[in-house]
Amino acid sequence: MITKQQATDLLHAHTKNQNLRRHMYAVGFAMRALASKLGGDPDTWETLGLLHDADWEETKDTPDEHTKHSLSWLKDMGETEGPVVHALMSHNRKRTKLAELDGDMEWALETVDELTGFIVAVALVRPEKSLAAVTPEAVMKKWNQKAFAAAVERGQIAQCEEKLRIPLAEFIALTLTAMQAHHEEIGL
Ligand SMILES: [Fe+2]
Ligand SMILES: [Fe+2]
């Protein structure tokens, strides 16, 4: 199965934008923490996080193609099945219809993807502009301000409660802690 290093190499080969790279690192770290919480394999879950938007730079104008490019790179490497391939097939399912969200790893990506972006937005409006200055309470306060980061789909994130059996406040705290532990890689 594809390794974390191979996923990182693919990501770097196809994503030049530093913020986009950092988005995938952040999701990878959060996925790793969620794997530990939910009994998944941390390396596999982090690998999925690192790969989930790896083809975004080249598919942003053709969103129906998002994830299909990544899947073709994996195929070229002999990766045609397994948990990462399946989960990647479900990531852009509304457009690709390749697979359903049918497991903890799939739902973890679905819910935490947007949350990492929301936490970055909270960090950026603070004077320190750093993750270290963010608390779970500060994230929750912004969460309740509907005009703040209005594009972030809060409903998608809140599905952590039903699909992952993790209360929202705990989900936020866990994700924030994982991101803070890797603030250098995330650049905040
Ligand atoms: Fe995506
Ligand atoms: Fe993403």
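What spacing do the donors of the iron ion (ligand 1) follow along the chain? They follow the spacing D-x12-H-x24-H, donors being N, O and S atoms within 2.8 Å of the metal (3.2 Å for Na, K and Ca), with water not among the atoms, so sites may look incomplete. This is a predicted model, in which local features need pLDDT of at least 70 and side-chain atom pairs count only at pLDDT 80 or more, while totals for chains, interfaces and linings use all residues. Residues are numbered from 1 along each chain as its sequence is written, chains are lettered from A and ligands numbered from 1 in the order in which they are written, and side-chain values use heavy atoms, leaving out hydrogens and water.

**Iron ion (ligand 1)**
- Asp53 (OD), His66 (NE2) and His91 (NE2) coordinate the iron ion (ligand 1) at 2.1 to 2.4 Å.
- Asp53 lies in the loop between helix 3 and helix 4 and His66 in the loop between helix 4 and helix 5, so the pair ties together parts 13 residues apart in sequence; helices (H or I, at least four residues) are DSSP runs, numbered from the N terminus.
- Both Asp53 and His66 are buried, meaning under 20% relative accessible area (1.4 Å probe, protein chains only).

**Iron ion (ligand 2)**
- Asp53 coordinates both iron ions, which are 4.2 Å apart.
- His52 and Asp113 are buried.

**Helix 3**
- Eight of the ten residues of helix 3 are buried, among them Trp45 and Glu46.

Definitions and conventions:
Buried means under 20% relative accessible area, exposed over 50%, partly exposed in between (1.4 Å probe, protein chains only). Helices (H or I, at least four residues) and strands (E, at least two) are DSSP runs, numbered from the N terminus.
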